[in-house]
Amino acid sequence: MRFVALVSILAGSGATADSLSCTLCATPCIDPVSVAFDIDRDQFAPPVNAADPPRRKVTLVQMGDARFPAEPIIMGDTRGFWAEGGGGSQVLFITQPDGTAIFVNERAGLRLEGTCVG
C-alpha cells in the first residue's frame, strides 16, 4: 500500500520547468542571435535535511551555435542565468516579466538586448 501511495505522489508531481526562447541583438541590430534554455524549478526546492550541502543548479543554454552550462536564476518573475565566459569572463542574462531581456559580458564589452517568450 505504501508503494502505491508513493507512486501516486510521484506521478502527480510533474516536472516544473520554465522554457525560454529569446532573440537578442547588439545596437544597432545587424546580426540577431537566438538564446534558449530551461529552468527546472525543482532545483530550487529546499534541502531535505538542513545538514545537506548546497546543491548546484544547472541549465544548458543554447546561444547561436554555442551550447554551455549556466546557473539558472529565479527572482520573483525575473528569470535568467549566470555563466563563466571565455577567458575567465562572466556573463549575465536576465529577462523581465514583460519579456524584455539583456545579456552582458563586461570583459568582452558585449551587451545584447531583445525579447523572450516562454
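**Entry 1: disulfides**

I began by looking for disulfides and noted that the structure holds two of them; I keep in mind throughout that this is a predicted model. When I number the bonded cysteines of the protein in sequence order, I read the pairing as 1-4, 2-3.

**Entry 2: cysteine 22 and cysteine 116**

I looked up the disulfide that joins cysteine 22 to cysteine 116 and found the S to S distance to be 2.0 Å. Cysteine 22 lies in strand S1 and cysteine 116 in strand S8 (residues 110-117), so I record this pair as tying together parts that are 94 residues apart in sequence.

**Entry 3: cysteine 25 and cysteine 29**

I turned next to the disulfide between cysteine 25 and cysteine 29, for which I have an S to S distance of 1.9 Å. The torsion about the S-S bond of this pair is about 75°, so I put down the disulfide of cysteine 25 and cysteine 29 as right-handed. For accessibility I took the two ends separately: cysteine 25 counts as buried because its relative accessibility is 9%, whereas cysteine 29, at 52% relative accessibility, counts as exposed.

**Entry 4: the loop between S1 and S2**

I examined the loop between strand S1 (17-25) and strand S2 (33-40), and I place proline 28 in it. I checked the backbone there and noted that the peptide bond from threonine 27 to proline 28 is cis, with omega near 0°.

**Entry 5: the largest nonpolar core**

I went on to the largest nonpolar core, which has 19 residues, and asked which of them touch the most other members. I found these to be Phe81 and Phe93. I then listed the strands behind this core, and S1, S2, strand S3 (59-63), strand S4 (66-75), strand S5 (78-84), strand S6 (90-95), strand S7 (100-105) and S8 each supply at least two of its residues. I noted that S2 gives the most to this core, with four residues.

**Entry 6: phenylalanine 93**

I finished with the contacts of phenylalanine 93, leaving aside residues up to four places away in sequence, and I list among them Leu24, Phe37, Phe81, Ala101, Ile102 and Phe103.

Note on methods: Residues are numbered from 1 along each chain as its sequence is written. This is a predicted model: local features need pLDDT of at least 70, side-chain atom pairs count only at pLDDT 80 or more; totals for chains, interfaces and linings use all residues. Side-chain values use heavy atoms; hydrogens and water are left out. A disulfide is a pair of cysteine sulfur atoms within 2.5 Å. Buried means under 20% relative accessible area, exposed over 50%, partly exposed in between (1.4 Å probe, protein chains only). A nonpolar core is a set of buried Ala, Val, Leu, Ile, Met, Phe, Trp, Tyr and Cys residues joined through side-chain atoms within 4.5 Å. Contact means heavy atoms within 4.5 Å.
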